[in-house]
Amino acid sequence: MEEKHKTDTNRPKDIDEKVVQLFNTYGGAGVDLGYLLCDQHVGSTNKVALIYKESADSETKYTFTELGEFSTKFASVLTDLGVRKGDRVATLLPKSPELLIAVLAIWRLGAVQLPLFTAFGEEAVDYRLRNSETSVLITDKKNRDKVKKTKDKSKPAHLSDIIVVEGVDDYKGPSGDIPFWASIEKAINNVQRVKITGDDPFILIYTSGTTGDPKGVEILAKLLASIEIYMRWGLDVRDEDVFWNMADPGWAYGLFYSVVGPLLIGQTTIFLNAPFDVGVAFNVLKKLKVTNLATSPTVFRVMRSSGIPNEVKDKLCLRVASCAGEPLNPEVLSWGQEHLGVSIHDQYGQTELGMVVANLQFPILQRPLKPGSAGHSMPGFKGVILDESGNELAYGNEGQLAIDTLNSPLFSFKGYYKDPEKTADRFKANGRYYLTGDSGSQDQEGYIFFTGRNDDVITSSGYRIGPYEIESILMSQEAVGETAVIGVSDKLRGEIVKAFVVLKAGFTPSESLAEEMRQIVKRKLSAHVYPREIEFVKELPKTPSGKIQRFLLRNH
């Protein structure tokens, strides 16, 4: 009988004991988010909670004490508007001090934050506000106009109040809007923190697939256990670290691990409120002497493509670097070791789950890195590979990546908000297995390899082809900055492989260069998987978190 997936026997026993301890801390009654995420860190040390930057040269610091005072007063403002435990309050704000103040105020009241990404348009904002039944929105001048208007009102009927950050020009929004800072100045600091249970939500975040409406995911308070484990063991964030998670808080990885995680463990977080620019990013790394960096593989690919400026290279202070969102190409892994001086640790998670697979950074839990692998199941989770019938596969076989909920004490996803049909699609064997929607494999040492989204797998002449391996071969070529591989319809083969390629500066698209790429893939990988079509493009479509949107390329 072939051996199936086992529990990680190489993990120290006290690690599993810590998992149980954290689950008991955050999974029961009396979870006080206001205390856990702010007030426990307030004291005589005047610890900095936020370093806020709008450019490489600007900088403003906010302590936990200041955030505590502002957020308590703002909680009083929300209370006066009728916000109570369990109510939805939306934030349509950039990376800013106001965002931290707002979310802390929401959580002090036991209310639920609805994060809205600032790149969303009017329809995306409106759908989430309506579907979540949100009545209060906190935004700023730049994003105020994204609120869908009715014929005779400046806001839809379901929104009772809109709070607007005034800004330097004292903007107060349309008539009826509530000014953010002016209301805080008038408020009295007399709100008591409201406790919730581990099974109560404190975030309602929407995740988008390739088809259908966005799906609402209620993030329960018990997820704090998983978040703390990832911060301490997945990222190895230490008290002495200068920690920078570059992800935007409008999305799960940024919200969970640049806002909630740092607030929970009392770590200073960095907000750079500016469009991404690789030169600015390098300057921030240098000036702040960042030691612990978390970002997307896309950022590392751009860094590799642009090169590290000479005035920066010798002044980097990185101790560890991590990424999540897409598989990390071996070429980028090698580049990081050579040019950043650290091994970039790839990791895997979902909006629904948080991080569940990781190349752990914590020293006693570290394992050798394997190119193409996101690592092992996180403590508190057990990842498995299933066949199409929902049966666990033996090592080395490709199938559906799933979470064995029965053996995952930190699994907390209950289902999609108001959508039982989509929820049912995600579970097999009476709820035993949660299907991630991704394909992958697992080797005998427990390393999990991500192949791609189930709908990204290419079927050509009976062969199942994952895009990742082809992309990695193409990325190894000197001319290639970025690439994405998809399947396109073909009468003879069902599908053929097509590659979209972004060239580095100094290289010119040509058929001879395309043919050279085809031959390299044939030689290094296999004759049946090479890209029969190659299209050179200036850029690849990406989500705001940096993931390549292959479904847009398929509609190209």
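A word on the ground rules. This is a predicted model, where local features need pLDDT of at least 70, side-chain atom pairs count only at pLDDT 80 or more, and totals for chains, interfaces and linings use all residues. Residues are numbered from 1 along each chain as its sequence is written, and side-chain values use heavy atoms, leaving out hydrogens and water.

Let's begin with helix 4, residues 97–108. Helices here are DSSP runs of H or I with at least four residues, strands are runs of E with at least two, and both are numbered from the N terminus. The expected span of a helix is 1.5 Å times one less than its number of residues. Is helix 4 mostly covered or uncovered? Mostly covered: 12 of its 12 residues are buried, where buried means under 20% relative accessible area, exposed means over 50%, and partly exposed is in between, with a 1.4 Å probe and protein chains only. Among those buried residues are Glu98, Trp107 and Arg108. Just after the helix, Gly110 takes a positive phi of about 75°.

Because 14 of the 14 residues of helix 8 are buried, it is largely enclosed by the rest of the structure. Gly266 follows helix 8, with a positive phi near 75°.

Now the cores. A nonpolar core is a set of buried Ala, Val, Leu, Ile, Met, Phe, Trp, Tyr and Cys residues joined through side-chain atoms within 4.5 Å. Which residues touch the most other members of the largest core? Phe74 and Trp107, out of 95 residues. The largest share of this core, 10 residues, comes from helix 8, residues 252–265. A second, separate core has 51 residues, including Ile51, Ala479, Val501 and Ile520.

Let's stay with Phe74 for a moment. Counting contact as heavy atoms within 4.5 Å, and leaving out residues up to four places away in sequence, Phe74 touches Ile101, Ala102 and Ala105, among others.

On to the rings. Rings of Phe, Tyr and Trp (its six-membered ring) pair if their centres lie within 6.5 Å; planes under 30 degrees apart are stacked, over 60 edge-to-face, and the rest tilted. This rule gives 20 aromatic pairs. One of them, Phe74 with Phe180, is tilted, at 4.7 Å centre to centre and 45° between the planes. The pair links distant parts of the chain, 106 residues apart: Phe74 sits in helix 3 (residues 64–80) and Phe180 in helix 6 (residues 180–186). Both are buried. Elsewhere, Phe411, Phe413, Tyr416, Phe427 and Tyr434 form one aromatic cluster.

Last, the sheet. Two strands pair if DSSP finds at least two bridges between them. Three strands form an open sheet in the order 24-25-26, with mixed pairing. Strand 24 (480–490) and strand 26 (533–536) stand at the edges with a single partner strand each, so one side of each has no neighbour in the sheet. Strand 24 and strand 25 (residues 494–503) run antiparallel, joined by 10 bridges. Val480 has Leu503 of strand 25 as its bridge partner.
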